[in-house]
Amino acid sequence: MASLPVFSGSMKLGGARWVWLRRGLAVLAAGGLGLLALSHLVRLSYQDRIVPLEQAPQAPVALVFGAGLARGAVPSPVLAQRLDAAIALWQQGKVQTVLVSGDQTKPFHHETRAMRRYLVEHGVPESAILGDEAGLSTYDSCLRAATVFGAKRAVLVTQRFHLTRALFIANSVGIDAWGVAADEGRSTPWRYQVRETLSRVLALAMVMLEVEPAYPSGRTVLPER
């Protein structure tokens, strides 16, 4: 019995689909490897500038990145960890000023206000604290620290998983930045590592495109040291 033409055509169609599927998977794999390579490049760029708190260089300012609030409008555990490290830097005379940068654009979410209050309650005088209420992202915080607050040298304070990206951005926008890991010696949850893989690539793109911060205006100059 002769084979049916419909069946033969169906096999050819299926073969073509399989070819396109393999090509699509190859493109996805290549794209994924490219993203991983770029993320790795950003991670390694300034990794040698991450130092223990005791070895942090002298700088006019410690830049503390916001990390959300807990119930009662107090810093989240992650944010409190960052603030504690900044307090230690100030107490040891490593920095003159603490610049807290966070998102205060949403109603009832006064991140920088909570950060200021926490610092004052732990002995840092108001005169040694500056607040950036428009630090909507790591990129915005770093760029505004340079362009709005005039930071030329700074110690960045955040968790290690976030620090390599922050250092890359800060040094790329003109700040001589070093980093202190607020969670030194602690393990990093895997979900943060996955998120940072993509975030580092986005940071690279923003730096290369010289993206403007959401709120570029205003100017406060930090004292030289």
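**Notebook: contacts, sheet and helix packing**

I began with the contacts (heavy atoms within 4.5 Å): among those in the chain between residues at least 6 apart in sequence, 75% join residues at least 24 apart. I note that this is a predicted model, in which local features need pLDDT of at least 70 and side-chain atom pairs count only at pLDDT 80 or more, while totals for chains, interfaces and linings use all residues. Residues are numbered from 1 along each chain as its sequence is written, and side-chain values use heavy atoms, with hydrogens and water left out.

**Entry 1: overall layout**

I looked up the secondary structure and found six helices and seven strands in the chain. Helices (H or I, at least four residues) and strands (E, at least two) are DSSP runs, numbered from the N terminus. Along the sequence I read the pattern α-β-β-β-α-β-α-β-α-β-α-β-α. I then checked burial, where buried means under 20% relative accessible area, exposed over 50%, and partly exposed in between (1.4 Å probe, protein chains only). Of the 225 residues of the chain, 43% count as buried.

I traced an open sheet of five strands in the order 5-4-1-6-7, with parallel pairing. Two strands are taken to pair if DSSP finds at least two bridges between them. Strand 5 (129-132) and strand 7 (176-181) are the edges, each pairing on one side only. From one strand to the next, the twist averages 25 degrees. For angles, I record that axes are lines fitted to C-alpha atoms, for helices over the stretch in contact, and that angles run from 0 to 180 degrees between N-to-C directions.

I next examined strand 1 (residues 59-65) and strand 6 (residues 153-158), which pair in the parallel sense over four bridges. Opposite Ala62 I found Val155 in strand 6. Helix 4 (residues 138-147) packs on the sheet and touches strand 1, strand 4 (95-101) and strand 5; the direction of helix 4 makes about 160 degrees with that of strand 1.

How many residues of helix 4 are buried? I found nine of the ten, so helix 4 is largely enclosed by the rest of the structure. The buried residues include Asp140 and Arg144.

Helix 4 packs with helix 5 (residues 160-172) at an angle of about 40 degrees, the axes being 9 Å apart. That makes helix 4 oblique to helix 5; by the convention used, angles under 35 degrees count as roughly parallel, over 145 as roughly antiparallel, 65 to 115 as roughly perpendicular and the rest as oblique. The crossing is right-handed. A crossing is left-handed if the near helix is turned anticlockwise from the far one by less than a right angle, and right-handed if clockwise. At the contact, I saw Thr138, Tyr139 and Cys142 of helix 4 meet His162, Arg165, Ala166, Ile169 and Ala170 of helix 5.

**Entry 2: helix 2 and helix 3**

I turned to helix 2 (residues 77-91) and helix 3 (residues 111-121), whose axes come within 10 Å and cross at roughly 45 degrees. That makes helix 2 oblique to helix 3. Helix 2 passes helix 3 in a right-handed crossing. Leu79, Ala80, Leu83, Asp84 and Ile87 of helix 2 make the contact with Glu111, Met115, Tyr118 and Leu119 of helix 3.

**Entry 3: Phe168 and Val42**

I located Phe168 in helix 5. Phe168 counts as buried, at 9% relative accessibility. Which residues does Phe168 touch, not counting residues up to four places away in sequence? I listed Val42, Ser45, Tyr46, Ala203, Leu204 and Val207.

Val42 is found in helix 1 (residues 5-45) and is buried, with a relative accessible area of 1%. Val42 and Phe168 are 126 residues apart in sequence, and 6.5 Å apart from C-alpha to C-alpha. Apart from neighbours within four places in sequence, Val42 is in contact with Thr164, Phe168, Arg200 and Leu204.

**Entry 4: positive phi**

Most residues other than glycine have a negative phi. Ala73 lies in the loop between strand 2 (69-70) and strand 3 (74-75) and is partly exposed, with a relative accessible area of 40%. Glu210 also has a positive phi, of about 55 degrees, and is not a glycine. I placed Glu210 in the segment after helix 6 (190-209); at 63% relative accessibility, Glu210 counts as exposed.
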